[in-house]
Amino acid sequence: MILKNISSVFWIVIVITAAAVLWGIIAPDNLQALSSSIQEYLTNTFGWYYLLVVSLFVAFGIFLMFSPIGKIKLGKPDEKPEFSLLSWFAMLFSAGMGIGLVFYGAAEPISHFAISSPSGETETAQAFRDSLRFTFFHWGLHAWAIYAIVALCIAYFKFRKDAPGLISATLYPVFGDRVKGPLGKLIDCIAVFATVVGVATSLGIGATQINGGLNYLFNIPNNFQVQLIIIAIVTVLFLASAWSGISKGIKYLSNINMGLAGILMLFMLFAGPTVLIMNSFTDTIGTYFSNLVQMSFRLSPINEEGRQWINSWTIFYWAWWISWSPFVGIFIARVSRGRTIREFLGAVLFAPSLLAFLWFSIFGVSAMNLQQNDIFNVAKLSTETMLFGTLNHYPLQMITSIVALILIAVFFITSADSATFVLGMQTTYGSLNPANSVKVSWGIIQSAMAAALLYSGGLTALQNTAILAALPFSIVIIFMIVSLYKSLSKERRELKKTDAYQKPRSPRVKKA
């Protein structure tokens with residue numbers, strides 16, 4: 001296979017990733033112990049930093065959306081959006097966190113309610129309310145603000161300023177020509193490494209969830225051999241989709257996904273405790289927004305148990321979203337050409353958040369209803385089977401479980417497909433249409449990594465390693481914000497001069 005127009009970043013990341021994977025295969029326990037201890041040190045020492053910096057991203061996104069800068073287009077002034085509103089939303093949502101919603105839709109609310117509550121007491125009325133509120137918090141504005149800022153910077157500099165579609169290229173207003181040298185290579189290597197490791201671990205985790213669902217429903221063995229077959233099938237499917245191009249494969253699969261997700265969600269809304277779901281959804285939106293500032297800076301400095309919960313959930317999520325932001329941000333940027341900054345931020349921040357809130361309300365409340373009324377102990381199940389255990393106690397359980405399995409598989413394919421595109425783009429000097437040979441190479445590399453780490457038990461260790469990239473990359477995002485604001489302010493001043501020059505003055509009427 002001939003790799004066309006690839007940059008040195010490709011080979012550098014391959015070597016680093018191969019070393020990490022080899023470590024995970026030969027000594028998975030050693031890698032996990034070391035990465036876990038480093039991660040624990042970072043969350044304990046820099047937890048305050050993660051809370052402050054992610055809150056800064058939210059504030060900056062909202063500021064831009066309502067400022068006059070929001071009228072500037074991500075592209076040339078006469079450019080139209082490449083994709084329809086529905087297809088655009090489906091693609092950004094599928095790449096952003098689609099598979100995560102299916103995986104955690106019932107599991108996270110149940111965990112906060114019955115296993116480890118942020119309030120400290122499980123299976124109480126307060127735990128019920130907190131379970132949804134903190135789930136909304138972890139999957140809402142803060143998560144999407146991280147993605148939105150990275151995507152906005154990439155889209156603005158690529159489509160408005162004709163810069164290469166690279167993370168390093170967005171920093172030119174700050175660092176100048178230095179981004180074309182070793183500094184830029186370092187930044188791009190961090191972004192690509194976080195993407196390839198994060199996606200490889202997600203492939204492995206996705207395979208275990210599909211295997212867990214098949215085992216729960218059909219007693220198919222839950223072992224490495226079955227997971228290897230699942231990875232092989234999914235690899236063939238997402239490579240076929242990647243080969244067909246972004247305007248066909250990912251677009252069509254994303255639209256199918258949103259349709260299936262909508263059908264499953266609406267069915268469970270009416271098959272489950274409908275009134276309780278809608279009451280909880282409405283009430284939690286109110287408590288979420290009214291407590292947003294308090295939750296954003298909640299650190300429990302003198303409550304060891306509370307601080308441990310925050311480290312395990314909130315800070316872990318913020319680090320995980322940051323580590324995924326190069327992948328998701330670049331993909332969202334690629335499909336957002338022609339949108340205004342205001343339209344882009346309004347859609348990316350609020351639309352997926354509200355849909356996620358509804359999703360978690362439906363599946364979370366349905367699961368907690370079973371737990372609270374002693375109908376079924378959902379909390380005893382493994383994380384990957386909690387959704388299937390919940391569906392099993394509502395009507396048409398076999399049909400809904402099969403739909404959920406298909407949904408997981410298609411989200412799985414779209415995420416992997418999107419990742420091959422982003423990795424191809426980042427290692428071919430920012431090309432908007434990387435060669436199929438490059439995309440296929442990355443797809444095979446990711447799948448091989450996932451299979452090897454599943455076999456050795458090193459998936460968790462590599463996931464920890466990916467999250468460690470979040471701290472340096474968060475600093476990169478801060479510089480991206482400075483760079484973007486500097487460039488936008490300059491353009492805004494120029495546009496105001498142009499507008500003032502072109503605007504005809506009204507003739508003065510002399511008073512009689």
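**Close-up views of a predicted model**

View 1. Glu79 is buried, with a relative accessible area of 18%; buried here means under 20% relative accessible area, exposed over 50%, and partly exposed in between, using a 1.4 Å probe and protein chains only. This is a predicted model, in which local features need pLDDT of at least 70 and side-chain atom pairs count only at pLDDT 80 or more, while totals for chains, interfaces and linings use all residues. Residues are numbered from 1 along each chain as its sequence is written, and side-chain values use heavy atoms, with hydrogens and water left out. Glu79 sits in the loop between α2 and α3; helices (H or I, at least four residues) are DSSP runs numbered from the N terminus, as are strands (E, at least two). The side chain of Glu79 forms a polar contact of 2.8 Å with that of Arg337, and it also reaches the backbone nitrogen of Lys76 at 2.7 Å. A polar contact is a pair of N or O atoms within 3.5 Å; within protein, one must be able to donate a hydrogen and the other to accept it, and residues adjacent in sequence count only if both atoms are side-chain atoms. Setting aside neighbours within four places in sequence, Glu79 is in contact (heavy atoms within 4.5 Å) with Lys73, Phe159, Arg337 and Gly338.

**View 2. Ile69, in the loop between α2 and α3.** Ile69 counts as buried, at 7% relative accessibility. Beyond residues up to four places away in sequence, Ile69 touches Leu64, Ile341, Tyr485, Leu488 and Arg492.

**View 3. Into the largest nonpolar core.** This core has 175 residues, and those with the most contacts inside it are Ile167 and Phe344. A nonpolar core is a set of buried Ala, Val, Leu, Ile, Met, Phe, Trp, Tyr and Cys residues joined through side-chain atoms within 4.5 Å. Apart from residues up to four places away in sequence, the residues that Ile167 touches include Val150, Ile187, Ile330, Phe473 and Met480.

**View 4. Ser325 in helix α13 (residues 304-334).** Ser325 is buried, and its relative accessible area is 0%.

**View 5. A nonpolar patch on the surface.** Trp48, Leu52, Val293 and Phe297 make up this patch, which has about 440 Å² of accessible area together. Patches are made of residues with over 30% relative accessible area and no salt bridge, with like charges joined within 9 Å and nonpolar side chains (Val, Leu, Ile, Met, Phe, Trp, Tyr) within 5 Å. A salt bridge is a side-chain nitrogen of Lys or Arg within 4 Å of a carboxyl oxygen of Asp or Glu. Areas come from the Shrake-Rupley method with a 1.4 Å probe; for residues, only the protein chains shown count as cover. Leu52, in helix α2 (residues 28-66), is partly exposed at 45% relative accessible area.

**View 6. Two loop residues with positive phi.** Neither residue is a glycine, yet phi is about 60 degrees at Asp162 and about 45 degrees at Ser300. Asp162, in the loop between α6 (141-160) and α7 (172-175), counts as exposed at 55% relative accessibility. Ser300, in the loop between α12 (292-296) and α13, is buried, with a relative accessible area of 17%.
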